[in-house]
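Trainee: I would like to go through some labels and ask what stands behind each one. Shall we take them in turn?

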Amino acid sequence: MEPIRVLVVDDHPVVRRGLESLLAQYEEFQVVGSTDGREGLVPLVQELHPDVVLLDIRLGELNGLELARQLNRSGHPCRVIILSSYDDEAYLAQAAKAGVWGYLLKSASPEVLADAIRSVYRGQKCLSPSLGGKALDQLATMSRKWAQVKSGLTEQELRLLELMADGASVQEIAAALFLSERSVKRRTQAVIEKLGAANRTQAVAEAFRRGIL
């Protein structure tokens, strides 16, 4: 099995070296690079192709959440875990809007950090245990809404996509949305094209991959 490729982003060299040393203890992780973020994150990610980015929320004069937003807009499939000293909901909400997959307090144990990397790599949202399940639900909900906005799908198309994911037939979708079967087929094709898929099955799979559903 290929190791999980990790990029470390922090403006303090001591912290970067500490994270590199910690992750080196796990054979399943490979630190592909570390940076203070001053030269920008997107070009480095495109060069190193990490699976997971550990990103400090504060990088001197730089804002880690803004870097996360830029990375999210770039379309690169890597997933960001924010490392933060702040546990209030305002920062958590901003992180969710930035499209991050995880939010960990810097006080988290090495085991929690390792588990977070594994979870995010598998496509699961992750939050510091001390922040509680309610905050995790908030992060997941806001991330999903952001993914839906980015998809360009209308409210009706999103509802149609949900019904497709539930395995509903054209007739069942038509009844649920008060549309003709012809309209359902036309709108289904529009959804498939917007998601860059070839058929209904691929469209649903792509929606789950992007976090739309």
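Mentor: Start with H49. This is a predicted model. H49 has a relative accessible area of 46% and is partly exposed.

Trainee: Why is H49 called partly exposed?

Mentor: Buried means under 20%, and exposed means over 50%. The 46% of H49 falls in between, so H49 is partly exposed. H49 sits in the loop between α2 and β3.

Trainee: How do you know whether F178 is buried or exposed?

Mentor: Its relative accessibility is 76%. The cut-off for exposed is over 50%, so F178 counts as exposed. F178 lies in the loop between α8 and α9 (181-194). Its phi is also positive, near 55 degrees, and F178 is not a glycine.

Trainee: And A168: what makes it buried?

Mentor: A168 has 10% relative accessibility. Buried means under 20%, so A168 qualifies. A168 is in the loop between α7 (155-165) and α8 (170-177).

Trainee: Which residues does A168 contact, leaving aside neighbours within four places in sequence?

Mentor: L163, I173 and R200. Contact here means heavy atoms within 4.5 Å.

Trainee: What share of the whole protein counts as buried?

Mentor: Of its 213 residues, 46%. Each of those is under 20% relative accessible area.

Trainee: What makes a set of residues a nonpolar core?

Mentor: They must be buried, of nonpolar type such as Leu or Val, and joined through side-chain atoms within 4.5 Å. The largest such core has 26 residues. Those with the most contacts inside it are L41, V53, L55, L71, V80, I82 and Y103.

Trainee: Which elements supply at least two residues of this core?

Mentor: β1 (4-9), α2 (42-48), β3 (52-56), α3 (64-74), β6 (79-84), α4 (89-97) and β7 (102-105). The largest share, four residues, comes from α3.

Trainee: What does L41 touch, not counting residues up to four places away in sequence?

Mentor: L7, V9, L55, L67 and L71. In soluble globular proteins, nonpolar side chains tend to be buried together.

Trainee: Where do the domain bounds fall?

Mentor: The assignment gives domain 1 (4-135) and domain 2 (152-210). Their centres, taken over C-alpha atoms, are 33 Å apart.

Definitions and conventions: Residues numbered from 1 in each chain as written. Predicted model: local features only at pLDDT ≥ 70, side-chain atom pairs only at ≥ 80, totals over all residues. Heavy atoms only, no water. Buried < 20%, exposed > 50% of the residue type's maximum accessible area, 1.4 Å probe, protein only. Domains from an automatic or database assignment.
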